[in-house]
Amino acid sequence: MTETSIILIGPMGSGKSTIGRLLAKELGYPFYDSDKEIEAKTGANISTIFEYEGEAGFRLREAEILDTITRISPIILATGGGAILLPENQIMLKARGYVVYLQCSVDKQFERTQKDSNRPLLLIPNPKEKLREIFLFRAPIYKKIADFTIDTGLNSSKTASKQIIQEYLRSRTSIDENC
Ligand code: S3P
């Protein structure tokens, strides 16, 4: 079977890291979380990077790390919610893996991110409104580059991970058959 990476995209609180770890365990591929890689390389957490370099500085670091990690294959990659913002990242992610969009309602995202202090975009008086705004802008991009979309608000992480593996294996088999 042709093995390719699984790249998880989706908003904050959609379950990318949790589901990513489950996929990695099941398929035996190494797991990478782009935010964690950025923090390890920079020696500072995401909030500190935003504070000193702004979102634009963070996006540059993110693009660089994504380029480095996606050269390793096959892996499971959990991206940050805004990893799809730069057009060059969209092309790169699509070209280097099977892209799965973890879709999730704003209410669910809010519930899951409420207690987290390392998401600088949400450290504002009305984080739910921000999540809604981000959702409206990014959902079409997530959909455009995804090979497969799954709702992680309705499904448990285990169920979502099983369905993703089924679809991933099916897509790989059909590629092999067409070769
Ligand atoms: C961001 C999402 C975060 C992190 C940064 C910016 C975003 O990752 O990359 O705070 O723009 O949506 P998670 O989606 O893993 O929370």
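**Pro74 and its loop**

I started at Pro74. I found Pro74 in the loop between helix H3 (46-69) and strand S3 (76-78). The bond from Ser73 to Pro74 is cis, with omega near 0 degrees. I note here that the model is a predicted one.

**Overall layout**

Next I looked up the secondary structure. I get seven helices and five strands for the protein. Reading along the sequence, I wrote down the order as β-α-β-α-α-β-α-β-α-α-β-α.

Along the principal axes, the C-alpha atoms fill a box of roughly 50 × 35 × 25 Å. The radius of gyration is 16 Å, which agrees with the value near 16 Å for a compact globule of 179 residues.

Then I asked how much of the chain is buried. Buried residues account for 46% of the 179. I also looked at how far apart in sequence the contacting residues are. Of the contacts between residues at least 6 apart in sequence, 75% join residues at least 24 apart.

**Surface and charge**

I looked up the accessible surface. The protein exposes about 9200 Å². Carbon and sulfur atoms own 52% of that surface.

I listed the charges after that. There are 24 positive and 23 negative side chains. The centres of the two sets lie 4 Å apart.

**Strand S1**

I moved to the strands. Which residues of S1 are buried on each side? I found Ile6 and Leu8 buried on one side, and Ile7 and Ile9 buried on the other. Both faces of S1 are therefore covered, since each of these residues falls under the 20% cut-off for buried.

I then looked for the pairing partners of S1. S1 (residues 6-9) pairs with S4 in the parallel sense, over four bridges. S1 also pairs with S3 in the parallel sense, over three bridges. I picked out one residue pair for each. Ile9 stands opposite Tyr101 in S4. Ile7 has Leu77 in S3 as its bridge partner.

**Strand S4**

Why did I note S4 as largely enclosed? Five of the six residues of S4 (residues 98-103) are buried, so the strand is largely enclosed by the rest of the structure. I followed S4 on to S5. S4 and strand S5 (residues 148-151) run parallel and are joined by four bridges. One pair I looked up is Leu102, whose bridge partner in S5 is Ile150.

**Helix H4: Met92 and Pro87**

I took two residues of H4 in turn. Met92 sits in helix H4 (residues 87-95). Met92 is buried, because its relative accessible area of 12% is under 20%. What does Met92 touch, neighbours within four places in sequence left aside? I found contacts with Ala63, Leu66, Asp67 and Thr70. I also took the separation of Met92 from Arg71, 21 residues away along the chain. Their C-alpha atoms are 9.9 Å apart.

Pro87 is partly exposed, with a relative accessible area of 48%. I checked Pro87 against Ile141, 54 residues apart in sequence. C-alpha to C-alpha, the two are 9.7 Å apart in space.

**Helix H6: Phe137**

I looked up Phe137 next, which lies in helix H6 (residues 127-145). Buried or exposed? Phe137 is exposed, because its relative accessible area of 56% is over 50%. I also took its separation from Lys94, 43 residues away along the chain. The C-alpha atoms of Phe137 and Lys94 are 19 Å apart.

**Helix H7: Ser161**

My last entry is Ser161, found in helix H7 (residues 157-178). Ser161 counts as buried, at 6% relative accessibility. Which residues does Ser161 touch, if those up to four places away in sequence are not counted? I found Ile19, Leu22 and Leu23.

Terms used:
Residues are numbered from 1 along each chain as its sequence is written. This is a predicted model: local features need pLDDT of at least 70, side-chain atom pairs count only at pLDDT 80 or more; totals for chains, interfaces and linings use all residues. Side-chain values use heavy atoms; hydrogens and water are left out. The radius of gyration is taken over C-alpha atoms; the globule rule is 2.2 Å times the number of residues to the power 0.38. Buried means under 20% relative accessible area, exposed over 50%, partly exposed in between (1.4 Å probe, protein chains only). Contact means heavy atoms within 4.5 Å. Accessible areas come from the Shrake-Rupley method with a 1.4 Å probe; for residues, only the protein chains shown count as cover. Lys and Arg count as positive and Asp and Glu as negative; His and the chain ends are not counted. The place of a charge is taken as NZ of Lys, CZ of Arg, CG of Asp or CD of Glu. Two strands pair if DSSP finds at least two bridges between them.
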